[in-house]
Amino acid sequence: MTFASSLLYAKKVFFSKTNRGSEKSSGRRSLTGAIICIAVSLIPLVAVLSVSSGMISGITGRMIHLSTQDIQVTLDKESIYAKSENEMLNLASSLCSADGAVAAYSEVNLMALAAGSSFRSGASVRAVEKDIFEKNKYFSSFFNIVEGDIDLSKERNAVIGKKLSEILGLHAGDNLKLITLRKAAGKTVPKVSVFKVTGIVSCGYQELDALWVFVPLENAFNAFKNSSMEYYVSIETDRTFSETLEKTLLELKKMLLSDFNSGRFSIDTWKNINAAQFENFASTRALLIVIMFAIILAASINISAAIVMVVMERKKEIAILKSTGASSGGIALSFVMTGLFTGLSGILIGIPAGLLISVFINPLISGVEHIVNFCLGLFNAGHIKFLDPAFYLQQIPVVIPWSEICLIMVSVIVLSIIVSVLPSIKAGKSNITEVLSKN
């Protein structure tokens with residue numbers, strides 16, 4: 001029995017009805033059920049991968065480009081570069097000459113208690129360059145202006161995150177009090193600095209919007225003098241996700257070590273600075289993939305059961321084929337290919353459906369939300385919001401992971417073949433005499 005013959009018989013088994021006429025057989029129903037199971041298991045897997053990829057990509061991009069940049073230099077507070085704004089800016093300018101470096105930004109961070117008219121909250125105060133929101137392309141693209149204007153031209157201006165403004169009850173034009181600790185006469189005493197909120201911004205992630213307060217860099221050396229602060233120079237490169245980022249890191253180290261007046265410093269890439277967060281993202285995503293693959297494996301077992309049903313119904317056909325010279329291997333190959341067709345059919349239905357749901361997941365959730373609230377309104381049962389900004393997300397980001405989707409398709413094909421092998425071998429070994437004698 002040639003490969004072509006096995007393929008033709010597999011097509012007959014998969015596409016044609018049995019000799020029972022128009023009545024749909026149990027084997028045919030089993031094959032259809034197996035296809036549906038594969039498709040149904042693929043739809044949520046593709047959607048979960050797309051959403052998780054979008055969320056991880058979104059938060060990763062913001063953590064890197066809005067906080068640490070690709071490489072971050074931490075200066076010792078005793079360094080001459082941590083003594084004035086001009087010295088920090090000069091250092092940043094000199095580091096831009098490194099191979100692969102695109103830009104460098106000076107920044108001083110400190111923790112403070114932010115106070116509005118009646119509420120208080122902890123905040124991470126970031127003393128940044130006055131033109132950072134225009135100079136840094138990621139700041140200008142990731143941050144959306146919610147209220148007011150981004151203006152850090154004056155020393156006592158401040159730009160705050162949307163969530164923090166809601167917590168403190170502040171709007172553009174209101175006064176913001178920042179309470180910090182400073183050393184005076186050998187004692188640690190609180191100091192209150194008043195800033196004017198010129199703008200409220202959002203980067204799209206609640207936990208970041210609830211933390212950041214941006215003020216001009218000069219405040220680090222004036223208003224917050226003698227407070228506990230951290231001094232950074234963050235370098236943006238064109239090698240964020242490239243292995244050559246380490247080359248830029250080594251060159252920057254040499255530049256800093258050659259300057260004997262720079263004092264002590266530490267330097268590292270974003271991968272090591274945010275290692276804990278990214279490991280958490282990776283492990284969570286890996287767990288989701290394992291769970292979804294387990295579902296696919298369970299769905300693939302239905303193919304084996306379907307092949308068993310088809311073989312039982314076609315025992316007479318198999319016996320006749322073998323009596324006319326068909327080999328056991330050729331018969332077995334036909335049913336393996338039937339299992340393969342079943343897996344491919346599930347892929348052709350499940351993958352496109354999963355991608356479609358992924359792309360339109362936000363409108364779908366919004367539509368379901370309106371329907372549910374309409375039904376609740378009929379019974380005066382209140383109102384619900386599926387994507388409440390108070391619970392981290394206002395919109396689900398989506399990134400299609402094509403490489404992983406291709407891996408899923410290959411996995412389904414391999415599983416379909418594997419689970420079809422055993423019942424197919426049994427079909428090829430069926431006894432001709434026993435089958436024909438019963439008929």
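Predicted model: local features only at pLDDT ≥ 70, side-chain atom pairs only at ≥ 80, totals over all residues.

Residues are numbered from 1 along each chain as its sequence is written, and side-chain values use heavy atoms, with hydrogens and water left out.

**Exercise 1.** Work out how helices H11 and H12 pack, and which residues make the contact.

Step 1: get the geometry. H11 (residues 315-323) and H12 pack at about 145°, their axes 10 Å apart. Axes here are lines fitted to C-alpha atoms over the stretch in contact, with angles running from 0 to 180 degrees between N-to-C directions. Helices are DSSP runs (H or I, at least four residues), numbered from the N terminus.

Step 2: list who touches whom. H11 brings Ile318, Leu321 and Lys322, while H12 brings Ser328, Ile331 and Phe335; contact means heavy atoms within 4.5 Å.

**Exercise 2.** Find the salt bridge of glutamate 317 and say what it ties together.

Step 1: recall the cut-off. A salt bridge puts a side-chain nitrogen of Lys or Arg within 4 Å of a carboxyl oxygen of Asp or Glu, and the structure holds ten of them.

Step 2: spot the partner. Glutamate 317 meets lysine 12 at 3.2 Å, N to O.

Step 3: Glutamate 317 sits in H11 and lysine 12 in H1 (residues 3-15), so the bridge ties together parts 305 residues apart in sequence.

Step 4: check the cover. Lysine 12 counts as partly exposed because its relative accessibility is 35%; buried means under 20%, exposed over 50%, and partly exposed in between (1.4 Å probe, protein chains only).

**Exercise 3.** Now take lysine 247: which residue does lysine 247 bridge to, and which network do they join?

Step 1: find the pair. Lysine 247 bridges to aspartate 99, with the closest N and O atoms 3.9 Å apart.

Step 2: locate them. Lysine 247 is in helix H8 (residues 245-257) and aspartate 99 in the loop between helix H3 (85-95) and strand E2 (101-115), so this pair links parts 148 residues apart in sequence. Strands are also DSSP runs (E, at least two residues).

Step 3: compare exposure. Lysine 247 is exposed at 51%, whereas aspartate 99 is partly exposed at 33%.

Step 4: widen the view. Through shared partners, salt bridges join Asp99, Asp238, Arg239 and Lys247 into one network.
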